[in-house]
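Hi,

Here is the structure I promised to pass on to you. Have a look at it first, and then read my notes below.

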Amino acid sequence: MKSRFGRRATAPLALLAVSALALTACSGGGDSGSGKLNGVTLNVAADWSGAEQKNFEQVLDKFSKDTGAKVNYTSYGSDVATTLGTKIQGGDPPDVAVIPQPGLLQDLAAKGNLIPLSDAVSETVHKNYSQDWIDLGSADGKEYGVWFKGANKSTVWYNTKVYDDAGATVPKTWDDFLKQLALISDSGTPGLSVGADVGWPLTDWFENVYLRTAGPDKYDQLSKHEIPWTDPSVIEALTVLSGLWSDSSLLQPGGAQRTFGDSVTAVFGDPPEAGTVYEGDFVAGNITSDTKAKVGEDAKFYDFPSINGSKNAVVGGGNVAVQLKDNKGAAALMEYLATPEAASIWVKLGGFTSPNKNVDTADYPDDTSRQIAEALVGAESFRFDMSDLAPSAFGGTKGSGEWQILIDFYSNPSDVQGTAQKLEDAAAAAWAK
Amino acid sequence: MTDQVTTTVPATGRSARSPRSRGGRKTVTAFLFLLPALILLGALIGYPVLYTAWRSLYDATGDGFLGLGNYVKMFTDPATFQSIRNNVVWVIVAPVTCTILGLIFAVLMNRIKWATAFKLIIFMPMAISMVAAGVIFRTAFQENPNLGAANAVIVGVHDLFDGGSEYPGARPRENAGIELKDDAIVGSGAVKPGGSQDFPLVGVKADSIPSTAETAKAAADAGGGEVTGTVWLDFVRGGGGEPGQLGDGKKGLPDVTVNAIDSSGAVVSTAKTAADGTYVLSDLKSGSYTIGLPSSNFTESFTGISWLGPGLVTGVIILAYIWIWAGFAMVMISSGLSALDPSLQEAARLDGANEWQVFRRITAPLLAPVLVVVFITLIINVLKIFDLVYVIPPGSSLPSASVIAVQMWTVSFGGGNDQGLGSALAILLLILVLPFMIINVRRFRRERDR
């Protein structure tokens, strides 16, 4: 699933920032007191590699400098769950791991592999994070996780030139969203491009609509399959989507065979073939690597519109740090990762969104990433991507489950009831395993 | 594959006498020598097959015993059953086509100069990996004619004969007294001679209207027997303007055909709009008419065939397969051809047989063993086809293209996490391949004994 985040063009930025950081790092005196962990060696693992690994290592370097501890970073690649599981079985887990799925945190906690946050760490977490993030890092009433990195999947990206030509404005509500798309279509460019070649963009569409029409509580229940997919709230969300997807005058034709990448280039290519594309903050990376459009000038985004007066809500993802060994050094590192100081090191390097609400948003290197972060920490409710929480047979399999059913729904949006029934059948089968 | 090549060439030397007859000690020695190979075969083939068969009787977790439940599910689950059906289509179409094409190429190549060059070209796709070939075909058959070569050709040829309309995609402005009816844009109300009917349209790019277009203006009042009006692009760049109203520099749409239709549906008068979008329909008798813009003004340009849609996708994948494997068939068959004794054909020709008769009565029967080997190899190959089917179809047509091997991978590792059902599919595949394996082994024995 990591592959969907695409490549991020952060390397040049990172290089620039390295030198800047080298100057500032010396002056920043940590509150953990220098040298108190002298001689301690900590092992840290995460799925970051390449430029992201370099950036994260800078975060760790600061910790070493402040405490005297030596920190070794290992990249576990894209399949963290398997690698970490093997390490735990072999009796050699890292002291701290940063993992991309809350489901994995739940599994490890249930097996007793994780150390709950100490009171001191918990206090730091409560000071810096909203309750939604704390809940996401908890299992069975105990707190285990520090959410170091966040991702915002409630961003709608648009071509500013197409919007200007059509006289369209940034919509705040769903009705206005449809109206602006119609306005763009009137100008001769289809309003919206959807890449429905694979299912995951469609599951993200559904999750954003559902979080707004049904509210966070129902969202939690549906995530755990405590309510069936034939629930009236699902029908309502599908009906809202059906209203958009069945209006062929708003959509770029041929969506069922368009890859997600092509839907981005359709909007930001030259000439633009559509005005708007929805997906998470990683679209900025696709735009930079695949088109000549400049993020922040030619390509901007707005928050996924509110439906029926819903409060601003964000669907997203993130990486959570968990402690696997009970020692002073690991606890100190967990506490450090929960501080805004740790996050802002990577924030300044770019390509990073922190869910830490006390990170100064002025630290973000550009307006777009600042806006993404402000939406993420400012959200009234934050929910993790539902399909990532579901068993992969339902929420992550090419050609079956939620992915395929929503692809079929995109091609035939009038069949709301039948789609809900198919989703329920697939969910029942996947959860029964 | 190489072992099959050697079997097709008629054996020239005598096969060695079997050592079986020479006492028990020899048997023990032979067994000892065979032991390492047997252990390897057991570990790498025997054990996995048995384990898969055992695993196929259990559910996804591996704890619950299902008996033959997975085998029943295989034929009742629509997705899995569809993949079994697709495999049947594959087995019927692909090996026969490959073998016939290979035969044609091989026989024809025997008679032309530069045969080696042509053979090389036809055999070349064999050198490309299946995944790469899949990517090539997926790109070539994309729906968008700007990306897919196949549709680019078809659209190009189509446009030579039918250039498409002037204003593709134009739609009526809503709530402006006009509507879409049977693909044509018509006035909502009837108009009598002396009246007027305006057509504010949207959905056309401002850049794409002809440069001769002038700012739209209201049509002159209609005289007796006339209906007038204006057809314009009801859109102002950057927004603004009153929807459905002229002004704000809105452009007229020239060269739009306008029809007056009487109550029986017949077109009684036709006009074309001027540069400012105005038109005059004349020679109308008294009565009431529907004024309409026929669909020929707006039909979307032809965008080609949806090759990778659910209907055609299996055909495209089979085509990709043939593209790769026809070369293999050709090379096998030509090696068989060159091993034939040419004097037989010469003799038939001397006896007055024409080329077709020589081919039917002499060449084809002599080639039959080679053809059977090629055919059976291809059947086995087609039964376990995976890569092309995994790479070519877009998500929306994946279920309609799936085959057993792809389904097996998807349900067990691709996210389905049901290795019970996956094992059952693997066993099905094994059972399907077995008869052809047996035929091949029998043939191999017969060749050796000859």
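The centres of domain 1 and domain 2 of chain A, taken over C-alpha atoms, are 29 Å apart. Keep in mind that this is a predicted model. Each domain comes in two stretches: domain 1 of chain A covers 2–152 + 315–384, while domain 2 of chain A covers 155–312 + 386–432.

How many residues of each domain are in contact with the other? For domain 1 of chain A it's 24, and they meet 23 residues of domain 2 of chain A. On the domain 1 side, the elements that give two or more residues are helix 4 (102–110), strand 6 (145–152), strand 10 (313–323), helix 15 (367–378) and strand 11 (381–384) of chain A. Helix 15 of chain A gives the most to that side, with four residues. By class, the domain 1 side that touches domain 2 of chain A has nine nonpolar, eight polar and seven charged residues.

Now zoom in on strand 10 of chain A. Is it buried or exposed? In strand 10 of chain A, 11 of its 11 residues are buried. Side chains in a regular strand alternate between the two faces of the sheet. Here, Ala313(A), Val315(A), Gly317(A), Asn319(A), Ala321(A) and Gln323(A) point one way, Val314(A), Gly316(A), Gly318(A), Val320(A) and Val322(A) point the other way, and all are buried.

Which strands pair with strand 10 of chain A? Here is what I found:

- Strand 6 of chain A runs antiparallel to strand 10 of chain A, with seven bridges; Gly145(A) sits opposite Val322(A).
- Strand 3 (residues 96–99) of chain A is also antiparallel to strand 10 of chain A, joined by four bridges; Val98(A) has Ala321(A) as its bridge partner.
- Strand 11 of chain A runs parallel to strand 10 of chain A, again with four bridges; Val314(A) is opposite Phe382(A).

Zooming back out, chain A has 19 helices and 11 strands. Its C-alpha trace spans about 65 × 50 × 35 Å along the principal axes. A compact globule of 433 residues would have a radius of gyration near 22 Å, and chain A has 22 Å, so the two agree. Of the 433 residues in chain A, 54% are buried. Among contacts in chain A with a separation of 6 or more, 75% are between residues 24 or more positions apart.

Finally, there's a contact between the chains: 28 residues of chain A and 29 residues of chain B take part. The chain B side has 10 nonpolar, 15 polar and four charged residues.

Cheers

How values were computed. Residues are numbered from 1 along each chain as its sequence is written. Chains are lettered from A and ligands numbered from 1 in the order in which they are written. This is a predicted model: local features need pLDDT of at least 70, side-chain atom pairs count only at pLDDT 80 or more; totals for chains, interfaces and linings use all residues. Two residues are in contact if their C-beta atoms, placed from the backbone, lie within 7 Å. Ala, Val, Leu, Ile, Met, Phe, Trp, Tyr, Cys and Pro count as nonpolar, Asp, Glu, Lys and Arg as charged, and the others, Gly among them, as polar. The radius of gyration is taken over C-alpha atoms; the globule rule is 2.2 Å times the number of residues to the power 0.38. A residue is buried if 20 or more other C-beta atoms lie within 10 Å of its own, exposed if 12 or fewer, and partly exposed in between; C-beta atoms are placed from the backbone. Domain bounds come from an automatic or database domain assignment. Two strands pair if DSSP finds at least two bridges between them.
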